Amino acid sequence: MTLVAGVDSSTQSCKVVVRDAATGALVRSGRASHPDGTSIDPEVWWTALQAAVADAGGLADVDAIAVGGQQHGMVVLDADGAVIRDALLWNDTRSASSALDLIHELGEGDAAVGATRWAEAIGSVPVASLTVTKLRWLRDHEPANAARVAAVALPHDWLTWRLAGFGPGSGAVGLAALTTDRSDASGTGYWSPSTGEYRRDLLELALGHDALLPRVLGPHDRAGTAQLGGRGAALGPGAGDNAAASLGLGLTPGDVAISIGTSGVVSAISSVPTADGSGLVTGFADATGAFLPLACTLNASRVLDAAARMLGVDHAGLSALALSAPAGADGLVLVPYLEGERTPNKPDATGALHGMRLANTTPAHLARAAVEGLLCALADGLDALRDQGVPVERLYLIGGGAQSEAVRRVAPSVLGLDVLVPTPGEYVADGAARQAAWVLQGTDEAPAWTGAGDTEAFHADPVPAVRAQYAAVRELTGTRPA
């Protein structure tokens, strides 16, 4: 049996799966935690990867490996290959004003023109999550560090590089070995999915000077050789987490994945690139050579965590409470911008409860409002995809939040379509493993693994009033004090 490994280095943890290259059957797995925070020393990821590998029983018998990782994180390296400062992660919003500066500058002072020009250039409008805005923040707030930047990588790029045997002290030869893939490159803000080329003018606009950028590999190109237990293994190009999950699920055009993790992501496979000047849809590439337009919210599973904490219950108790309340929670609406928001772009927003009356100030109503508020925000993302001409025919609900009974049962009534919930799995790591098998296979088509496998279908009649009352109040949010 030929074995392959896939890695998911996410915001919260590192997961490793080992699968049969021919069938995709799971052989074993392991995991390790990452610390909380939005600014992290990348060495933590490397340590966690080694711990997850050990937890999986080692990889000495594996013939290929690929890494799926959290997108957008800024890893800046000096000329020797050393990390200059902690990586700023996707959910670090300190560069929100930098995003506005970049939009205005490209529009020569006109924000609307700038947003359109950015969308035309890279398929997306800058927000705080994109790497390009973090580089501008670095230039403006840490100029000495910005001046030292010789190369810029993303989290999955850096881990792939380390697996290939490079790291601090690698120098120019090591930096030249940095690689990435289309999906992760498309989330930087200085690579165009439409042309397949870096926009170095945008990199220089942000950072103030040019820098080495990872070579962008094709979906099954080999990135090098990883030394796994003394055995050389083929190293795949890897992918951004959303693209890896889509590959793991086996999505095709018309399929939409709604992932409820630390972030909420609504993503779809498209045969053509998108360019949304409103900024609601980011026009990314996928891990197969196609495109992956998506809408991303900052607030997802932690909305459920917060509601459970406020009510003093566990997640099962939260679900039971939510399902005991009527649809629409008798007018109680939670706008879930607990950590600011990315879609819509409101980095300084706060969450809010609206429509409180004596009759609906009960634990059950609050639990229902939390679930519906989370789902309404994702439904807005689904509408944004439709507005870009992306086909929406079948919905898959994945991620930790999808394990909530209330989320699964309420989702069809809010999203307006039946919902398929696959058997819980590590779909990002699975997608990376499938890519690793693809590298070994060396054909134009990805290995024919089962993909999503068994799914449970949830049906409900749409309740338009839930979204209508949410839409009426979602703009009435406050901002955090300076």
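Helices, which are DSSP runs of H or I with at least four residues, and strands, which are runs of E with at least two, are numbered here from the N terminus. On that numbering, Gln388 is found in the loop between α13 and β22. This is a predicted model, in which local features need pLDDT of at least 70, side-chain atom pairs count only at pLDDT 80 or more, and totals for chains, interfaces and linings use all residues. Residues are numbered from 1 along each chain as its sequence is written, and side-chain values use heavy atoms, with hydrogens and water left out.

Let me stay with Gln388. The residue is partly exposed, with a relative accessible area of 28%; the scale calls a residue buried under 20%, exposed over 50% and partly exposed in between, with a 1.4 Å probe and protein chains only. Not counting residues up to four places away in sequence, Gln388 touches Thr274, Ala275, Asp276 and Val281, where contact means heavy atoms within 4.5 Å. With Asp276 there is also a side-chain polar contact of 3.4 Å. Such a contact is a pair of N or O atoms within 3.5 Å; within protein, one must be able to donate a hydrogen and the other to accept it, and residues adjacent in sequence count only if both atoms are side-chain atoms. Leu332 is 56 residues from Gln388 in sequence and 31 Å away in space, C-alpha to C-alpha.

Helix α13 covers residues 363–387 and contains His365. Is His365 buried or exposed? His365 is buried, at a relative accessible area of 9%. Its contacts, apart from neighbours within four places in sequence, include Ala325, Pro326 and Leu332.

I turn now to helix α3. Its 12 residues, 111–122, reach 16 Å from first C-alpha to last, close to the 16 Å expected at 1.5 Å a residue; the expected span is 1.5 Å times one less than the number of residues. Gly114, Ala115, Trp118, Ala119, Ala121 and Ile122 are its buried residues. Seen down the axis of α3, these fall within an arc of 165 degrees, so they line one face of the helix; the arc is that of the directions from the helix axis to the C-beta atoms. They pack against α2, α4, β10, α9 and β18. On the other side of α3, Ala112 and Glu120 are exposed. After the helix comes Gly123, with a positive phi near 85 degrees.

Next, the spaces. On a 1 Å grid over the protein atoms alone, a cavity is a set of points where a 1.4 Å probe fits but cannot get out, while a pocket is an open set with protein on both sides within 12 Å along at least five of seven lines; lining residues have an atom within 4 Å of a point. Grid points are joined across faces, edges and corners, and a volume is the space filled by probe spheres set on the points.

The largest pocket has a volume of about 870 Å³. Of its 41 lining residues, Asp8, Ser259, Gly261, Gly399 and Val428 lie nearest its centre. Helix α10 gives the most to that lining, with four residues.
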